[in-house]
Amino acid sequence: MSTSDVAVTKAARKGPTLAQREARLAYSMLFPTFIVVLLIVVFPVIWNVWLAFKPIKLGDLQTADLWAFTDLTIGNFNRVLRGRNFWPVVGVTLTYTICGTLLSIFMGLCAALLARDVFPGRQVFRGVVLFPYIAPVVAVAFVWRMMLNEQFGFINEVADVWFGLERASYLSQRPLALVMVILFEAWRYFPFAFLFILARLQALPRDLYEAAAVDGALPSQRFWYITLPQLRGVLGTLFLLRFIWTFNKFDDIFLLTGGGAGTEVITVKIYDYLFGQFRVGAAAALSLVLAAILIVFLTLYFKFIAVEEEY
Amino acid sequence: MSRDELEQIVFKTLKVVGIAFFLLISGFPFFWMLVLSFRPLDQVIQEPLAMPSVEQVVSLSTYKGVLLPSPEPPPTLNLLGMEIPWNLGTVPGGKFLVQFVANSLGVAVVTVILTLIFSILGAYAVTRLKFRGQGFFNVMILLIYMFPAIVLAIPLFIVFSRLGLRGSLGGLIIVYLAQTLPVSLYMLRSYFQTIPAELEEAGLIDGLTRVGVIRRITLPLAAPAVASVALYVFMIAWNEFLFALLFLLEKPNVWTLSLGVYQLNTQEVPKTWLMAGSVIITVPIIVIFFYAERFLTEGLAAGGVKG
């Protein structure tokens, strides 16, 4: 028996343990996800930081030296943060985000309370109410624009003919345009809140309500003292998710107003830096600022609001 | 009348009003989209609230116009030094809205298949196998779930430009994959956790491989969750607009339907066509949804609440 044979049998006897084999299998199963996330999420995020310090223009994208250290600058941040309308844009973004989030959750709560009990056509109701959420944003944004058109829009026509109100150009006039994009946001995403809240409502134990009814609790009291406290968790989660997503929302406002008439939010401004002014570096810098503001708000949320839910 | 009775009556009335209100605001815009897709703009301006005539509906002329080739030469628009055709009905090489329907369908189906394969493997590993870094992986999934797409958009735009991946549907699919994988993993993980591990262990003891266990035991039991993930991913890929706009704008023959319909919004294209395009992009989603509503709602709710 040669020495190498001895080595082989020893290795075979040792081998990988069952736990090692299991871990190896797990890694290989997670590998594709890991690679995709690494390439499409982690790497771009890190590289975005680097780009934010480079004076790159869209035109010289193909030729620019993207790795050179010599041209690093904070000029992009100067431009972005000191720009005339930086603070107004942040203000509009926060107004849009907070109002849109709260309104969509409130509407979702109302719709969920309605769909909770059995009534004829409840299945249809549950289906139709989800339309705004599942339909492509391009289609719904354009139908809103048509309906809000000053000249021939349904809303203006009804307001004019049926109620004798003055015609308005809803999407190109301050502050009406901001109100409209907030309403659009609430309309489009209340079904999301509806789904979550309805699922939670249906999981609430029936006997609580029976006991309350026996004790003579009014319907309003049952809602206020039984239903609402049990929904706190799901409402908090919804607020968090919707806040983050609305804050980062681009398509809705871009398609409705293009950021005009006082509706320019940070994401639309980033797009404007990129394709309106061809300043890639400034766009990257502003998207870093966006992420920073979001992180600040999340920290505040977890510090002051999420803790309260423990009680 | 007691306060209780009064409240009962008030709430009953509110309920009827509320149900009508939500049905109206959710359904009416879609009905109106359909109406406007049949009526030419000059008629709409004359009588904004009128319904289309029967002939207008039956002839389907706007739908034929928007879907099929038109003989006129394409008007072009200069963007970043590139001549790009602006009017959707007249994209060169006979590519029309039907082409975009095919592009979108292809992108959505491939995204669904890849996401399902990757997320089923991943979710199984996370729920059933022990390995180092498990906690880290779970946190990572959640973080990406909430990550702003716009922060990824600029670096990806640059990388794709440099690599020449811009204007390819493959590049778009990879991006959609990254966007849908975390949610899918999360939804499947919650569902896999409800399946008793004993069933799978029995399968292993009986001599099945891990892959065999997943195929013969886990997947059949998790079929509703898999269906809802598939629907969710299809919906995201079919509806997506931002990355399609960033990556495909200069190459009209690979436009997805979202981007194609967006390009209908110009002076040269009749608004009736824009509405017809909107109907065309909406109908498949609504049809799929009605066919499989149960899966979608249950899946979305389960993915969110159990976590």
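Rings of Phe, Tyr and Trp (the six-membered ring of Trp) form a pair if their centres lie within 6.5 Å, with planes under 30 degrees apart counted as stacked, over 60 as edge-to-face and the rest as tilted. This is a predicted model, in which local features need pLDDT of at least 70 and side-chain atom pairs count only at pLDDT 80 or more, while totals for chains, interfaces and linings use all residues. Residues are numbered from 1 along each chain as its sequence is written, and side-chain values use heavy atoms, with hydrogens and water left out.

**Exercise 1.** Identify the residues that ring pairs link into a cluster.

*Solution.* Begin with the total, which by this rule is 42 aromatic pairs over all chains. Then follow the ring pairs, which join A:Phe131, A:Trp144, A:Phe184 and A:Trp187 with B:Phe30, B:Phe289 and B:Phe290 in a cluster.

**Exercise 2.** Describe the area buried between chain A and chain B.

*Solution.* Take buried area as the accessible area (1.4 Å probe) that two parts lose on being put together, summed over both. For chain A and chain B this is about 8400 Å², with carbon and sulfur atoms giving 82%. Next, consider A:Met29, A:Ile40 and A:Ile134, which supply 8% of the area that chain A buries against chain B, more than any other three residues.

**Exercise 3.** Locate the salt bridge between chain A and chain B.

*Solution.* Apply the criterion, a side-chain nitrogen of Lys or Arg within 4 Å of a carboxyl oxygen of Asp or Glu. The count between the two chains is 1, and the side chains of B:Lys15 and A:Asp117 meet in a salt bridge at 3.9 Å, N to O.

Technical notes
Chains are lettered from A and ligands numbered from 1 in the order in which they are written.
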